[in-house]
Amino acid sequence: MNFTWIEHFGGGREQELFELYRQEWWTRDRSFDDVAHMLKHSDIVLGCCTDDDRLIGFARVLTDFTFKAMIFDVIVHADFRGSGVGKAIVDRIIGLPSLARVSSFELYCPERLVPFYEKLGFAEGSAKLLFHQR
């Protein structure tokens, strides 16, 4: 499958991403304003589109561009899961020239997705993830 890539979410793209988020249990409670704000304040945003320009995948990165890059919100439209979109998104992020100096790419995911990410070269770390939420 051929994809086109976007790294800016102007115009109606914010709404497309919001609609993609509304389909998932872990992102459905996000407001449109919060999604738009997040897009402006992430270091890298990446959208995966079909040949007819439909947004079918997304991820974002927070990074120092040297030591760490934290990948967030890898999401693939339900109709396209299992077709290589998630792998293409992660591969694209890791291959970005702007992240060439990064020595550690990190993410967290539900336990059921660990095997998927292990196939992409990720391994469980020895550190414990801690949260302080508002």
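Glu 7 counts as partly exposed because its relative accessibility is 39%, which falls between the 20% and 50% cut-offs. The model is a predicted one. Glu 7 sits in the loop that links strand E1 to helix H1 (13–21).

Setting aside residues up to four places away in sequence, Glu 7 touches Val 45, Leu 46, Arg 92 and Leu 96. His 37 lies 30 residues from Glu 7 along the chain, and their C-alpha atoms are 15 Å apart.

## Glu 24, a buried loop residue

Glu 24 lies in the loop between H1 and helix H2 (32–41). Is Glu 24 buried or exposed? Glu 24 is buried, because its relative accessible area is 11%, and buried means under 20%.

Its contacts, leaving out residues up to four places away in sequence, are Ile 75, Val 76 and Arg 81.

## How H1 meets H2

Two packed helices are described by an angle and a distance, both taken between their axes. For H1 and H2 the angle is about 120° and the axes are 10 Å apart. The crossing is right-handed.

H1 brings Glu 14, Gln 15, Leu 17, Phe 18 and Tyr 21 to the contact. H2 meets them with Phe 32, Val 35, Met 38 and Leu 39. Seven of the residues in this contact are nonpolar, one is polar and one is charged.

## Helix H3 and its neighbours

Helix H3 spans residues 85–94. Its buried residues are Val 85, Gly 86, Ala 88, Ile 89, Val 90 and Ile 93. They pack against strands E1 (4–6), E2 (44–49), E3 (55–63), E4 (68–76) and E5 (104–106). They also pack against helix H4 (114–119).

Notes:
Residues are numbered from 1 along each chain as its sequence is written. This is a predicted model: local features need pLDDT of at least 70, side-chain atom pairs count only at pLDDT 80 or more; totals for chains, interfaces and linings use all residues. Side-chain values use heavy atoms; hydrogens and water are left out. Buried means under 20% relative accessible area, exposed over 50%, partly exposed in between (1.4 Å probe, protein chains only). Helices (H or I, at least four residues) and strands (E, at least two) are DSSP runs, numbered from the N terminus. Contact means heavy atoms within 4.5 Å. Axes are lines fitted to C-alpha atoms, for helices over the stretch in contact, and angles run from 0 to 180 degrees between N-to-C directions. A crossing is left-handed if the near helix is turned anticlockwise from the far one by less than a right angle, and right-handed if clockwise. Ala, Val, Leu, Ile, Met, Phe, Trp, Tyr, Cys and Pro count as nonpolar, Asp, Glu, Lys and Arg as charged, and the others, Gly among them, as polar.
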